[in-house]
Amino acid sequence: VQQLHSVSWSSLVGSKMASNDAIAQWVRDTRNHGVYAQLVSNRNIGRHGTFSDALTKTKLRLSGQGLEFLDANLPTVQITELKSIEGHSKRPSSPVFRTADADVPLRLATVRWNRTGTRSQYGEYAHLVFPTNADANAFCMSMQEVQRFGIRGILSGKHQRSSLSAPQPADWQIARGRERFARAKQKWLRQRASPVCDTSPAEIEKERSEAIAKEFDDDKCDMFLAEDAEMHMRWAEALGGRSDADLSHEELQELVDLGVPLKYRHQLWPRWVARPDLGDVEGLQDTVGENVAKQIELDIPRTQPQWLNDRDRVSLRRVLRAYAARNPVVGYCQGMNFITMIFILLGFDEATIFAGLSFIVEEVCPQYHSPNLEGYMRDTEVFGVLVHHLLPSLHNQLDAADLQLNILAMDHFISLASRSWSFGPLVRLWDIILLEGTSAVFASLLSTLELYLPRALEHVARECTGGALGAAEIMSQLKTLVAKALTHELDRIIEHTRLWLGSINQRMIDMLREEITRDA
């Protein structure tokens, strides 16, 4: 087997990267779900052609027959026919690579095999461009092990390890997230350094205002909070004369998942979001900078005008100005107005509203609302690693449809679903988020994607009359399905969220955050 020319998989994130568990997990994922890459054609792209013109998306899958190239005009390669799997550190000599980006060689793997016929044997090869360097290295390392031990040998533990359990994401999955985060961060910085826009500021503001208004339809304007005698009796029996402050975390979990009466919410939320030394809203809001104050003022009338009255808007303005003054590094970001709105609509006093906004922005969604959105970009990649690890079939569907998690997760992460979920279900979601923290944000989004993304894909596929499935159509259908489910299947969403909280905890999230941003 030819040695890798690029940085070895193990050296990418430390020697543990080449662990046999990681290889076994890669083989299992590729056998069960496949992995995606771009197949490089050797056809002439012409003088004005680009490297992307030579790429065809293909799905690679390991099977009993060997390595399959789905959606590509290539035969299945028997494992015994494999000659070499090569990584690259520089552009191959083929003319098709002359316009390739500088990072393409590091994301490139070449598979060579001997095609054996009845009377002859001849060599064939395929150049494959993967989404990240980590993906390419994982492919090369794992396929080399498959050459040595075979698929069954890997999965049976013949490669020196019998345990195939993976309590945490594989290191190559983490490396993939790290690389994607670095790429997203660089892209964001380039966009900020070189803004290009043909639209006038007035037109931008008009489009933005109309888009926000469209976020809410009549269904979302239902502010009904479901409470019944059974819910109150359940809480009364659980308390048994005690204060709600005496309930254990486990008791609260069971009660919160089934619904919280408003009177207990008014006791629990202030305690959960309480933070020391926040300062006084009255004193802080008068010290906010002029530019930030103008940004806030633009969004006040756009923040759900059907729900807020004049007095509510005064509170919204004061709290947002106070927070911008207290935390000038963040200042103000769209999404914070909708977070603040929920506390206002539930009737909390100004101090609790201010504490709630501070708690969510700094503890639940750290750095999501900073000017460069670095925390948001980081955590969408953390979430991507968790999806890859916990739901490889869902990860495969996202890749197949070219659905970007940093777009899918935008409302759920930036405003905690307050721009897309109807009010009653949203408040129940927030009960869990404020009790459990960031892990509940991840678990609830994973739950909705697990339950409704496959349905959205099926619906769009039925409606599609040919060609690739459109990402915009899939996202629109997903939003429609989730909106309907909030009325009829909310308990199921919450049940699945609780199940995923058993696999996603703050310690794991913190570990992945550290790993993904390590070289940033």
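The chain has a mean pLDDT of 83, with 84% of its residues at 70 or more, where pLDDT is the predictor's confidence in each residue, from 0 to 100. This is a predicted model, in which local features need pLDDT of at least 70 and side-chain atom pairs count only at pLDDT 80 or more, while totals for chains, interfaces and linings use all residues. Residues are numbered from 1 along each chain as its sequence is written, and side-chain values use heavy atoms, with hydrogens and water left out.

- Over residues 1-19 the pLDDT stays under 50, and the model has 53 contacts for them beyond four places in sequence, a contact being heavy atoms within 4.5 Å.
- Residues 195-221 also have pLDDT below 50, with 30 contacts in the model beyond near neighbours in sequence.
- Where pLDDT is low, the predicted coordinates should not be read in detail.

**Packing of helix 12 and helix 18**

- Helix 12 (residues 336-345) packs against helix 18 (residues 423-436) at an angle of about 100°, the axes being 12 Å apart; helices are DSSP runs (H or I, at least four residues), numbered from the N terminus.
- The two helices are therefore roughly perpendicular, a term for angles of 65 to 115 degrees.
- On the helix 12 side, Ile339, Ile342, Phe343 and Leu345 meet Phe423, Leu426 and Trp430 of helix 18.
- By class, this contact has seven nonpolar, no polar and no charged residues.

**Ser358**

- Ser358 lies in helix 13 (residues 350-364) and counts as buried because its relative accessibility is 0%, buried meaning under 20% relative accessible area (1.4 Å probe, protein chains only).
- Leaving aside residues up to four places away in sequence, Ser358 touches Arg275, Leu278, Tyr323, Arg326 and Glu363.

Note on methods
Axes fitted to C-alpha atoms, helices over the stretch in contact; angles between N-to-C directions. Parallel < 35°, antiparallel > 145°, perpendicular 65-115°, else oblique. Nonpolar A, V, L, I, M, F, W, Y, C, P; charged D, E, K, R; others polar. Buried < 20%, exposed > 50% of the residue type's maximum accessible area, 1.4 Å probe, protein only.
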